[in-house]
Amino acid sequence: LIPCNHEPLFLVSRWLAPRITTPVTFHIRTNLWDSAFARFQVQTIAKTAAGIVFITENERDTFKRHLGAKPKGRVIYNPAALPVTLPAPFPGIARDSRLRLACLSNFSWGRGVDRLVDLAEALAAAERRDIHFVVAGNMQLPASLPGELGRIARTGGTLADYASARGVGDMFTFLGHVSEPESVLSGCDALIKLSREANPWGRDIIEALAMSRPAISLGRWDGFISNGETGILHETFEPAALAADIAALADDRERLVEMGRAGQDRIARLCDPPARAAELAQFWQEAAATPVTRPSGGATGV
């Protein structure tokens with residue numbers, strides 16, 4: 001069996017297909033933007049793979065749209081072990097009464113990290129500067145960004161400069177690169193991820209919920225984050241509305257703790273490592289037993 005652990009390996013699978021009879025499997029982890037290249041990539045994977053694993057229903061549905069047919073494969077969530085003890089909080093995080101929201105991401109327009117500043121403005125307008133953003137990652141801004149972000153980027157500025165220019169710099173702590181992001185989660189009350197790709201899942205959200213930290217994000221899929229149960233989930237980014245929900249959470253710390261427990265219970269159920277490992281082992285065993293016929297006249301094996 002040859003397991004291809006990421007979509008870009010589709011060219012390897014394409015090259016191997018006429019040369020070997022060993023089954024190939026794929027692990028689909030991303031939602032590709034619709035394009036001719038994406039459709040070619042998906043069609044190649046579907047044609048050459050003996051089996052496909054999708055990390056959530058979202059990747060499966062995106063794959064299906066690009067393929068134009070139901071793919072052969074199954075959803076197996078990523079595993080996540082619940083921590084026995086929490087790591088020591090990152091030393092750069094202030095310990096005070098403010099609600100601390102962690103963002104674990106290098107700056108990216110697609111990841112919506114700049115939206116934190118818009119949200120901070122909405123909170124400040126509502127006189128809620130008691131909510132603090134703790135941002136881990138490289139916040140250097142690309143010069144190609146539009147508007148004020150681009151202007152600040154072209155002078156060598158970072159997202160910290162942008163936040164200061166918008167009058168909310170005091171609502172942020174920028175930590176830079178952090179080698180152990182779990183320590184940031186440990187020092188904060190919740191995770192926030194305002195991606196423009198509307199993907200409220202992924203490793204940061206799973207890890208936060210596993211550590212009993214509610215998650216705040218955008219999108220429709222509520223497999224991990226259910227609004228009001230395991231965090232705050234809005235379909236679209238409306239800063240004032242999101243600010244109101246976050247302020248209400250800051251005023252009800254007991255509810256915050258309840259959400260954290262509910263999120264941890266959900267991850268224990270959906271992402272249990274032994275159970276997911278057993279699913280994956282079964283998938284590989286079935287794929288390995290799938291007969292693969294090399295096309296006649298194909299290249300010799302390697």
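This is a predicted model: local features need pLDDT of at least 70, side-chain atom pairs count only at pLDDT 80 or more; totals for chains, interfaces and linings use all residues.
I started with charge: the mean positions of the 33 positive and 33 negative charges of the protein chain sit 9 Å apart. I counted Lys and Arg as positive and Asp and Glu as negative, leaving out His and the chain ends. Each charge was placed at NZ of Lys, CZ of Arg, CG of Asp or CD of Glu.

Residues are numbered from 1 along each chain as its sequence is written, and side-chain values use heavy atoms, with hydrogens and water left out.

Overall look. I get 11 helices and 10 strands for the protein chain (DSSP runs numbered from the N terminus: helices are H or I with at least four residues, strands are E with at least two). The C-alpha atoms fill a box of roughly 70 × 45 × 35 Å along the principal axes. Of the 302 residues, 46% count as buried (under 20% relative accessible area; exposed is over 50%, partly exposed in between, with a 1.4 Å probe and protein chains only).

Next, the cores (sets of buried Ala, Val, Leu, Ile, Met, Phe, Trp, Tyr and Cys residues joined through side-chain atoms within 4.5 Å). The largest nonpolar core has 42 residues, and Phe 133, Phe 172, Ile 192 and Ile 246 touch the most other members. Helix α4 (residues 115–125) gives the most to this core, with seven residues. Apart from it I found another core, of 28 residues, among them Ile 205 and Phe 224.

I then checked what Ile 192 touches: its contacts (heavy atoms within 4.5 Å) include Leu 116, Leu 119, Phe 133 and Ile 246, not counting residues up to four places away in sequence.

Back to α4. Eight of its 11 residues are buried, so α4 is largely enclosed by the rest of the structure. Among the buried ones are Arg 115, Leu 116 and Leu 119. Glu 127 follows α4 and has a positive phi, near 60°.

Helix α2 (residues 36–48) got a length check. Its 13 residues should span 18 Å at 1.5 Å a residue, and its end C-alpha atoms are 18 Å apart, which agrees; the expected span is 1.5 Å times one less than the number of residues. The buried residues of α2 pack against α1 (10–16), β2 (24–28), β3 (51–54) and α3 (57–67).

Last, Ala 240. It lies in helix α9 (residues 239–250) and is exposed, at 58% relative accessible area. Ala 240 and Ala 125 are 115 residues apart in sequence and 9.0 Å apart in space, C-alpha to C-alpha.
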